[in-house]
Amino acid sequence: MAIDGARFLRDLHRLREFGAAGVGKGVVRPAYSDADIAARAWLAERMREAGLTPHFDPVGNLFGLADGPSLLLGSHSDSQPEGGWLDGALGVVAALEVARASARPVSVVSFQDEEGRFGVTTGSAIWSGALPLDKADDLTDHTGLSLAEARGRMAHLAGDFVDPGRFGGFLEMHIEQGPALDMSDDRIGVVSDIVGIRDMNITFTGQQNHAGTTPMALRRDAFQALSLFNMRLADRLRNVVTPQTVWTIGHVALHPNASSIVPGRATFSMQWRDGDADRLSRMEEIVRETAAEIAGEAGMELAFGPMLGIEPVAMDGDLRAALESAAEQVAPGRWRRMPSGALHDAANLARCMPVAMLFVPSIGGISHAFEEDTDEGDLVAGLDVLARAVDGLP
Ligand code: HGY
Ligand code: MN
Ligand code: MN
């Protein structure tokens, strides 16, 4: 298989230009933004040039379809609100290059909204049947825009959903987005399993009031309730979590968000991840119990938004073995089998086909930030592993 590393890198740098922002190689290319839609149009043309049939589905997932049954390779091309040039994009461009070079029929996909502007890995969750479209359409971003309205921006491109049955399996190349490979001598990670996730919004509603005349003892300050919740949650989770468990309050909206007003409302994202489904459920109980306890103590009304989640999933043994064999050819003794702490579209696709993933190092372990980067030699080595693994499949 004659992959062309230079062409692959050119395509990666060209894709980066759609939404290029911030320092270095940062991108701002949220799902359904002008930059995202333009990037998808560009990818569709590259797919056509590669002899594939470009096809958008009703939520903006972009497929480059090989004729008949094929292997599916890909990832996503939307970014976080401040993202890196490789998160997702790497897997899509690598898939395109393998599809160009492979003797085997390979289809390519760029899923939509993997970064969860509206949900959690939204496009592949809908496509794989994990998330009903009518429920997804009601999801909103932080501005209140619904998925239904956002995907309407691509309605003129939309065809039917592609049948997952035409694909024999899914391979996703991705940056590690963590420090393990970068801190070791290993160049390649072959993923063993992907953690599970739970994600929801919580709202405390107290009493908006004057910041100068309202005595501290009389306040029903929603931010103070959030602050208490955060501290008590950490304490309550102590005996449940492991060093690999993570939980994050990444988005907070205080209302009315003014220096001289006691905030009457705090709406915040509550997300947690772990490799064990039972632990995820136990953590949900503790999140809900602790929020209710704080609301009672602080005189708050409490509301929980819809909870989204994906179960932990193990990668397919045969596909993983093909990646491991290829990794040993490309980077003998410099690869490892490892879990994924980040979530990926592969976690959804595991519902309907065998899946496997491979990682390349993230410099400094940085991702979901403009500074995200990977040595170009490692990018090409990862492409080589992906291509060899595809070639090596029965
Ligand atoms: O959050 C994640 O793990 C993924 O990068 N969206
Ligand atoms: Mn990603
Ligand atoms: Mn990401």
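Modeller: What follows is a description of the annotated site, residue by residue, in a predicted model.

The UniProt annotation "binding site", from an unreviewed entry, covers D87, E115 and H368. These residues are spread over 282 residues of sequence, yet they cluster in space, and the largest C-alpha distance is 9.6 Å.

Take D87 to begin with. D87 is found in the loop between β3 (70–76) and α3 (89–101). Its relative accessible area is 5%, under the 20% cut-off, so D87 counts as buried. Neighbours within four places in sequence are left aside in the contacts that follow. D87 is in contact with H76, D78, E115, H174, I175, Q177, S367, H368 and E372. That list includes E115 and H368, which the annotation also covers. With H76 there is also a polar contact, side chain to side chain, at 3.1 Å.

Now E115. This residue is found in another loop, the one between β4 (106–111) and α4 (122–127). The relative accessibility of E115 is 13%, and because this is under 20%, E115 is buried. Again leaving aside neighbours within four places in sequence, E115 is in contact with H76, D78, S79, Q80, D87 and H368.

Notes
Residues are numbered from 1 along each chain as its sequence is written. Chains are lettered from A and ligands numbered from 1 in the order in which they are written. This is a predicted model: local features need pLDDT of at least 70, side-chain atom pairs count only at pLDDT 80 or more; totals for chains, interfaces and linings use all residues. Side-chain values use heavy atoms; hydrogens and water are left out. UniProt positions are given in the numbering used here, feature names are shortened, and annotations may be inferred rather than shown by experiment. Helices (H or I, at least four residues) and strands (E, at least two) are DSSP runs, numbered from the N terminus. Buried means under 20% relative accessible area, exposed over 50%, partly exposed in between (1.4 Å probe, protein chains only). Contact means heavy atoms within 4.5 Å. A polar contact is a pair of N or O atoms within 3.5 Å; within protein, one must be able to donate a hydrogen and the other to accept it, and residues adjacent in sequence count only if both atoms are side-chain atoms.
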